[in-house]
Amino acid sequence: MRVPRLTIHQYGVGFIVAVLSVFSILGVFSYQRIIHFQDRIHNKQIERGHYEIEQHIQNLIVEVGKISQQIAEWDETHQQLRNAGFYDYWRSTRLPAQAIYADFVIATELYDHQRNALSALPGFGLPKRMDYRPGIFALQMQGRPVLVSVQAIILSANKSEVGGYLVMVVDLMRALLGKRMAPYVDMQSLSFSLQEGDPVPAVRLYERARFKLIRDENLERLVGAFMQSIMTVGALLFMTSAVFFLFIHQLVTRPIRSLSNHINNLRQGLSSSSNILHTPVIEIQNIYESLNNYRVELTQANLDLDDKNRELWNLAHHDALTRVYNRRAFDEDWRHIRETVAGRRIEISFLLFDCDRFKPLNDTYGHAIGDQVLVEVASCLEGALRAGDRLYRLGGDEFCTVLVECTPDGARVIAGRCLDKIAALDMQAIGVNEALGVSIGISNTTATDRDRLDELPKLADIAMYTAKRPGQNNVALYDSDMLEDSLTLFSSHITAVVFDAIANKRSLQIHYQAVSNLDTGRVEYYEALARIQDEDTLLYPSKILPVVEDRRIELEFDLAVIAQIHRDLQSGAIPTGTGVAINISGVSLVNPTMMEHLMALPQVAQGYQLSVEVTETSLITRLSQATTHLKQLQRAGFHTCLDDFGSGYSSLRYLTDMPVDVVKFDMGLVQSLEANAQSSGIVRALANMIRDAGYKTVAEGVESEALLNIVGDAGFSHAQGYYLHRPQALPLASGVTRGRLLSVP
Amino acid sequence: MRRFFALVLLALGLLLPVVGRAEPVEHRLSSGVMALAEYYAAAPGRPTVLLLPPFLQTHRFPTVANLALTLSESGYGVLVPTLSLGIDYRRQSLACEAIHTRTFDENSREISDWLGWLQLRGIEQVVGAGHSYGNLYLLFVASQAKRGSMLSRLILTSPVYIDTASGVLIDDHQLSRAQAAERAGEADVLERYVLSYCKNFTATRSVYLSLAQWDRDHVLALMRGVTVPMHAVIGSADEYQEAVWPEILQQAGVQLHMVEGANHFFADDSEFALADTVEAILRASP
């Protein structure tokens, strides 16, 4: 059942109305019952009144009959019938003297057997000749109701001889009123509906009786008392209900209303101190106090929450390392700035900062130093900006700032200030022995150019790559000429081609470049190199890998390459007895899926030596996991190769810690063998040392016979380069290399 | 022997219905008034007694009714009439205050009527008996020649007279005034008198005078006119008359039978003594 939603007042009024209604119904019902009871008693009294009257009349009839009979049987009556000489004396003296004779008899007359009156002047208007038949009847005589008894006077013993008639007139009212006081009938009200000369048999006389009942004072008192009780109880109930209502109003409704107003004030942030609640009801007072306590706690909680929110916002919008704003803050601010300034003639400059050679530095000095370098860089940059300008760390060693109402010249000034700050940074203090460079790309536009405004970060990025080029003084302001150079990097077409190659694998090709054993002169294995056929153009890793790295699809790309190598191995196009070296990115190496695919290759590469080549930079992150996977690959029969050794901040620690079998020297390092003696000596010593340590050494970038000879002399065990074998798609041509013949098994 | 007992039983069977069974009698008197009486038929060879009740009483007056019953049980015939006093079928004793319209003579004629009724039944000799004032009517009739001859003897129980000397049973002034009015021929109106035990005897003057005349001398004079034997049965405790009255009666030739301890009405056990006395008188008579 759904209870209607009402106010306490309405419920209170409803309750009172319900109580009063129930009482009224009960009162009316009881009143009707009493009235019904009273009517029943009244009807019963009427019945008893009739019965009483009937009994009185009946008794009177009997009494009158008895009197008449006795007088009729009285010898002195008989004497009058024989000799009426002294009839008047008898009637006036002798008859009334009889004990049986009653005072309500107003006339007695004797008639002879011929119905003639003995008296010459019959009393009370009785006729001289009587025609009544024996019996008792009632009629109206001389204006009053009377009973007339006509009694035959029997003389003989056998009752056969009627000597005469006795006629006796009885005053009906006197006879009845002289009786015992009737309990129900008001005898004073008694009357009879009789007519002159119209006798009514006495036995039916009561039907003509008209009377009133005696007021039953006890019953009237009882009804009165009951009605008074109902009225009193009703009044008391009403007063009690009113008091109850006031009680509820004072103790419940009013405090609750105050409480409700208090809550509303709190909700609206208004002070409710002027509405302090004082109620005798403990529960409501407790609620009020609890609410106040709760409000205080809630306010404190809100303050705490605000602090937390601020802290969270700071955490969410600040870089945990450098304490400058992070990428999230940049996204929000950049959106806000664009929304704010868009369409207005406001100069907006965007500065993008990128640390030069930070990655090798980080690799060389460790993460702790790298982090400290970033902190110092951020501090310098932030200190060089205008007051109110924000510095954002977008990720890694990349920072940016948005300069509102800043012309390109102004931006250049600020960029110069930043470079000065960086240049003044004491790197020795943080344990770095070399200077740190920062490249700054600047883009600028007026906010009225909405499209350019949206592209400012991209344009600054292009400018920043330009700034990294030699001769740019590490600062470059974007101009349209830079766009062409950037198209390669950010070509959406190349990106689409790369994605299509990964997805469909049709355009992905693997070119194989031989790696020859300088001791045997034989091709020992081929390095698998990825190419993508873009219509008539063949895309090389220099264009593929930036997209792969930028899109973070190293794993997908490497898996696609491995799948293609898998097919090539199955095709048998690769000469048996050789091997295949596969380049794996650092991201892929630590991935379990990649491991599953690699571990499946030996099954289809029977007769081939499989190798995995990883760059030392790819091993910087998650070195432990990479080491574990390399060991698993070794156990599975793979050779592991450290690629591009010497291209970065190479550390011999990697060689000692990493499970590698082959060390492939970077092309730059190899070509330095042809440089001065010092450089050549270092490379030679390094190659010999590594070879002596048990590693195979591969010299990359051997593009001439002279360099091949130098490499051989330098102690390299293997060599690779255009001079020996240019990468080519399957099927591979027989192994004749330019300048030096190398046998192929 | 068996036959003898059968005859005895038959005789008893025939007698029993007769002896002791009262017969109510209605008799129209010579005055035209219907009078009532109680009649017990006499056993064969037994006399019949005409028993008159006291003044204003009926045949159901206890003294006479019981005596009649006792006598009838002894085989005597008994007729106990009720003087009508002018009332048809009179069944009740008449009150002193009632209207008395019958003179002594008129009442006495009713005695004669009843003797005639007995005579019609073949009874020629009757023993006359009376109680109290009833004796006056009996003496009066016995002194008459017409019907007095039927009375073979008189048994007067508690005989009385109107004691004019004491002034108690009669008011001399009333009597004198009535007598004077009678002599003066004044209209005979209804008045109240003192007569015997009636202090408000309501009667016409003639009636009053007819009753009040029976003083002791008049009674004795009547007795002297009676030729048949007279017996008087008087209770020794009867204080109604003067104490010398029995003696006077004896002197008047009346055979006196005193019943020891009996009052005027022979109440209680004396009624048996009365009956025994009367029976003894009857048995002793020829």
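User: Strands are DSSP runs of at least two residues, numbered from the N terminus. With that in hand, where is the place of A:Arg115 in chain A?
Analyst: Just so you know, this is a predicted model. A:Arg115 is buried, its relative accessible area being 18%, which falls under the 20% cut-off. Its phi is positive, near 70°, although the residue is not a glycine. As for its place, A:Arg115 sits in the loop between strand S1 (105–112) and strand S2 (135–141).

User: Which side chain makes a polar contact with the side chain of A:Ser349?
Analyst: A:Ser349 is in strand S8 (residues 347–356) of chain A, and at 0% relative accessible area it is buried. A polar atom of its side chain lies 2.6 Å from the backbone oxygen of A:Cys406. The side-chain partner, with a contact of 2.6 Å, is A:Asn444.

User: B:Glu38 is buried yet has no salt bridge, so how far away is the nearest side chain of opposite charge?
Analyst: B:Glu38 is part of strand S2 (residues 34–40) of chain B, and the residues it touches include B:His59, B:Val78 and B:Val80. The nearest oppositely charged side chain belongs to B:Arg60. A salt bridge needs a nitrogen within 4 Å of a carboxyl oxygen, while the distance to B:Arg60 is 4.9 Å.

User: How many residues apart are A:Asp519 and A:Arg691?
Analyst: They form a salt bridge, with the closest N and O atoms 3.3 Å apart. A:Asp519 is in the loop between strand S13 (508–517) and strand S14 (523–534), and A:Arg691 is in helix H21 (residues 677–692), so the pair links distant parts of chain A. A:Asp519 counts as exposed at 56%, whereas A:Arg691 is partly exposed at 30%.

User: How many salt bridges does a search of the whole structure find?
Analyst: One of them joins A:Glu207 to A:Arg204, with the closest N and O atoms 3.0 Å apart. Both ends count as partly exposed, A:Glu207 at 38% and A:Arg204 at 44%. Over all chains, the search gives 23.

User: Which residues make the nonpolar surface patch of about 270 Å²?
Analyst: One member, A:Tyr11, is in helix H1 (residues 8–73) of chain A. A:Tyr11 is partly exposed at 37% relative accessibility, so it clears the patch cut-off of over 30%. The patch is made by A:Val3, A:Leu6 and A:Tyr11.

User: What share of the 286 residues of chain B count as buried?
Analyst: Chain B has nine helices and ten strands. Of its contacts between residues at least 6 apart in sequence, 72% join residues at least 24 apart. The chain exposes about 12,500 Å², with carbon and sulfur atoms supplying 54% of that area. The buried share of its residues is 54%.

Conventions
Residues numbered from 1 in each chain as written. Chains lettered and ligands numbered in written order. Predicted model: local features only at pLDDT ≥ 70, side-chain atom pairs only at ≥ 80, totals over all residues. Heavy atoms only, no water. Helix = DSSP H or I, 4+ residues; strand = E, 2+ residues; numbered from the N terminus. Buried < 20%, exposed > 50% of the residue type's maximum accessible area, 1.4 Å probe, protein only. Contact = heavy atoms within 4.5 Å. Areas by Shrake-Rupley, 256 points an atom, 1.4 Å probe, with all protein chains shown as cover. Polar contact = N/O pair within 3.5 Å; in protein donor to acceptor, adjacent residues only side chain to side chain. Lys, Arg positive; Asp, Glu negative; His and termini not counted. Patch = residues over 30% accessible without salt bridge, like charges linked within 9 Å, V, L, I, M, F, W, Y side chains within 5 Å. Lists of a residue's contacts leave out its neighbours within four places in sequence.
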